[in-house]
Amino acid sequence: MTKGPVLIVGAGHAGFQLAASLRQHGFGERICLFNDEAHLPYQRPPLSKAYLKGSGGPDSLMFRPDKFYREQTIELIADRAVAIDRGTRKLLLASGSSLDYGHLVLATGARNRLLDIPNADLEDVRYLRTLDESEALRQRIGSGGRVVVIGAGFIGLEFAATARAKGLEVDVVELGARVMARAVTAEISDFFQARHSAAGIRIHLGVQATGIEGDGAHVTGVSLSDGRHLPADMVVVGVGVLPNVELAAEAGLPVAAGIIVNEQLLTADPNISAVGDCALFASPRFGASLRLESVQNATDHARCVAARLTGDARTYDGLPWFWSDQGDDKLQIAGLTTGYDEVVVRGDRARRSFSAFCYRAGQLVGVESINRASDHVFGRRILGLNRSIAPAQAADLSFDLKAALA
């Protein structure tokens with residue numbers, strides 16, 4: 001059992017789960033959760049999904065009400081960590097104060113990758129990662145207009161679908177050859193491109209935005225690399241995120257595409273861990289170092305570290321899974337499909353209910369499902385067991401997937 005206070009920098013999914021799990025494991029010492037937003041810790045996925053559509057108020061997003069933190073004696077501290085003194089085990093804060101720690105956990109998350117083109121700083125150029133950003137967009141899209149979305153990843157397409165459903169004219173600009181190209185197979189990309197196009201969203205592939213056009217104060221359009229101009233009243237940018245590694249780097253901890261941690265999520269300093277979107281972790285399951293952006297990864301990281309800090313050290317071996325709601329369609333992904341060399345489709349594309357079973361050298365590595373939750377559950381279970389089914393079995397609807405789990 002760790003002695004002394006546990007300080008957690010970052011109150012997103014990973015930070016909140018860590019604090020809650022420590023108490024669940026019987027940790028009795030001080031827990032401080034540093035939150036640099038003006039809200040109680042909240043869920044992020046609904047920001048580009050249900051909340052953006054107008055479902056519920058800010059309170060519906062909160063992990064727990066304020067009394068939870070009081071009852072669990074978890075100190076929510078509205079301050080920002082600015083430096084780590086590893087020698088004396090102190091965390092220095094923007095307010096000028098400092099706190100001692102027995103163990104420090106960096107759950108610093110990630111931030112929007114900013115657009116670096118002319119006029120990208122105009123007020124009508126928006127991003128979507130925080131509650132305040134989602135609230136501003138929710139108010140804005142209710143009044144109609146024309147929006148250009150830069151980036152056809154999950155966030156960009158989720159926003160585009162909601163904006164179109166609200167009656168806005170929507171153009172999506174994507175440098176890649178297909179939508180969500182870095183995340184899903186061509187089979188899934190093609191389905192969603194067709195669905196969004198049928199809804200009236202104009203998708204422009206293989207081009208990039210080269211400048212934001214404005215009248216001095218407001219956006220009037222977007223210039224593209226092929227010479228075209230798209231009219232717009234607003235631009236929404238979804239071109240990825242950058243992990244927040246600066247606090248760790250300035251403390252002399254190794255960083256790369258994230259804060260480097262081992263298979264137990266420890267940094268090079270045995271008194272400091274890192275979890276969630278900011279952590280580049282050694283994965284025995286995949287034989288590589290990974291940095292993943294998902295609720296599953298954040299919460300499972302947190303549970304693993306909480307167990308270690310309360311005397312049950314274990315290797316992190318979580319199976320990644322993801323989801324995206326776009327219009328009326330739900331995409332669910334189990335596993336990591338990087339490097340797949342074969343795709344088998346199970347189900348009926350025409351009925352908007354099918355899965356792409358992805359293989360590498362004959363071994364199942366991931367399942368991407370559209371409106372087919374049972375396949376997703378199967379994928380998570382069989383991949384979690386490090387087992388596979390043959391491609392021909394995956395394609396055969398008469399093959400009982402449940403039997404493969406027996």
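**Spaces and interior**

Reader: How many cavities of 30 Å³ or more does the count come to?
Author: This is a predicted model, in which local features need pLDDT of at least 70 and side-chain atom pairs pLDDT 80 or more, while totals for chains, interfaces and linings use all residues. Residues are numbered from 1 along each chain as its sequence is written, and side-chain values use heavy atoms, leaving out hydrogens and water. A cavity is a set of points on a 1 Å grid over the protein atoms alone where a 1.4 Å probe fits but cannot get out, with points joined across faces, edges and corners and the volume being the space filled by probe spheres set on them. By this rule, the count of cavities of 30 Å³ or more is one.

Reader: What is the volume of the largest cavity, and which residues line it?
Author: The largest cavity has a volume of about 30 Å³. Its lining (residues with an atom within 4 Å of a point) divides into two nonpolar, two polar and three charged residues, where Ala, Val, Leu, Ile, Met, Phe, Trp, Tyr, Cys and Pro count as nonpolar, Asp, Glu, Lys and Arg as charged, and the others, Gly among them, as polar. By name, the residues lining the largest cavity are R140, G144, G145, R146, L168, D233 and M234.

Reader: Which residues have the most contacts inside the largest nonpolar core?
Author: A nonpolar core is a set of buried Ala, Val, Leu, Ile, Met, Phe, Trp, Tyr and Cys residues joined through side-chain atoms within 4.5 Å, and the largest one has 91 residues. Apart from this core lies another, of 19 residues, among them A120, Y127, A209 and A232. Inside the largest core, the residues with the most contacts are L106 and F159.

Reader: Is I259 buried or exposed?
Author: I259 lies in strand β18, residues 259-261, and is in contact (heavy atoms within 4.5 Å) with residues more than four places away in sequence, including L106, T108, N244 and V245. Because the relative accessibility of I259 is 1%, and the classes are under 20% for buried, over 50% for exposed and partly exposed in between (1.4 Å probe, protein chains only), I259 counts as buried.

Reader: Which residues does S134 touch, leaving aside its neighbours within four places in sequence?
Author: S134 lies in helix α4, residues 131-141, a helix being a DSSP run of H or I of at least four residues. The relative accessible area of S134 is 0%, so this residue is buried. Its contacts beyond those neighbours are L47, Y51, L52 and L128.

Reader: Where is the place of V305?
Author: V305 is buried, with a relative accessible area of 0%. Not counting residues up to four places away in sequence, V305 touches L18, V105, Q264, L265, S273 and V275. Its place is within residues 295-309, in helix α8.

Notes. 1 Å grid on protein atoms, 1.4 Å probe; cavity = no way out; pocket = protein on both sides within 12 Å on 5 of 7 lines; lining within 4 Å. Helix = DSSP H or I, 4+ residues; strand = E, 2+ residues; numbered from the N terminus.
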